[in-house]
Amino acid sequence: MKVVLFCGGQGMRMRDYSSTLPKPMIEIGSRPILWHVMKYYAYFGHKDFILCLGYKGESIKAYFQNYDECLSNDFVMYNGGQTLHLYNNDIHDWSITFADTGIYSNIGQRLMAVRKYLGGDDIFLANYSDGLTNLPLPELVDFLKNSDKVGCFVSVRPNLNYHFITTTPEGVVTTIKNVKFTDHRINGGFFAFKKEIFDYIHDGEELVQEPFQRLIKKNKLLAYTYDGFWKAMDTFADKREFNNLVDAGDTPWQIWNKP
């Protein structure tokens with residue numbers, strides 16, 4: 001099953017890095033978040049990737065063109081370094097399509113641009129490339145596959161420190177509650193789509209705006225509820241939190257390292 005990864009955004013809320021790197025190349029530990037996302041999908045057997053490139057896409061191309069398996073795998077060196085034997089490999093069996101989809105394109109435009117690379121699979125996966133989870137992916141896929149719907153995304157609790165409030169018409173506050181402890185849920189950015197999704201996208205449209213509204217009107221959109229680990233990297237503080245988890249050895253998204 002092909003995996004479309006949207007890698008073209010400028011990451012304006014990561015200004016400390018975005019002047020030199022696209023957001024998917026910002027590192028968690030010693031690897032870009034994009035690598036972590038791809039490892040997640042590869043763990044479930046989905047190793048055919050389509051990268052929708054845009055802002056500073058050349059850095060993503062260069063990263064994989066110069067990829068060194070020795071940096072993340074045990075190996076034996078012989079003959080003064082002329083011969084290497086790797087005990088494990090990361091990306092040797094991955095297929096990666098690098099597609100330039102425009103610097104200023106929105107997600108819907110990027111998806112339309114890579115439609116020609118999707119092949120004959122009825123269902124494909126997609127991701128914003130800035131969030132990590134330990135979601136059991138086959139359950140999300142089966143949730144869509146066993147329905148007559150067109151699209152599905154994971155529904156998660158927002159990992160934010162904002163507060164929802166309610167007021168009277170006069171502005172008197174009646175309730176205030178941290179968003180984490182409300183019943184509100186958000187789109188977690190892990191998608192599964194049937195090919196019919198392209199029947200709902202018109203030129204220039206953002207994926208989760210007009211196309212999703214059309215799906216909703218036709219009763220063709222699913223949300224898969226998940227309350228396990230999920231976290232997005234939107235700000236420098238999010239990156240710091242991810243790195244703190246790595247330093248503490250608490251990396252629930254790295255299911256490929258679990259027994």
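Which residue in E7 is the bridge partner of Leu53?

**View 1. The open sheet of seven strands in the predicted model.** The strand order is E7-E4-E1-E8-E13-E10-E14, and the pairing is mixed. Strands are DSSP runs of E with at least two residues, numbered from the N terminus, and two of them pair if DSSP finds at least two bridges between them. Strand E7 (95-100) and strand E14 (221-225) form the edges; each has a single partner strand, so one side of each lacks a neighbour in the sheet. From one strand to the next, the twist averages 25 degrees, with axes fitted as lines to C-alpha atoms and angles running from 0 to 180 degrees between N-to-C directions.

**View 2. The pairing of E4 with E7.** Strand E4 (residues 48-53) runs parallel to E7 and is joined to E7 by six bridges. Asp100 is the bridge partner of Leu53 in E7. Helix H2 (residues 33-43; helices are DSSP runs of H or I with at least four residues) packs on the sheet and touches E4 and E7, among other strands. The direction of H2 makes about 165 degrees with that of E1.

**View 3. The surroundings of Tyr226.** Tyr226 lies in the loop between E14 and strand E15 (230-232). Contacts (heavy atoms within 4.5 Å) of Tyr226 include Thr133, Pro136, Val154 and Arg185.

Residues are numbered from 1 along each chain as its sequence is written. Local features need pLDDT of at least 70 and side-chain atom pairs pLDDT 80 or more, whereas totals for chains, interfaces and linings use all residues, and side-chain values use heavy atoms, without hydrogens and water.

Methods: Lists of a residue's contacts leave out its neighbours within four places in sequence.
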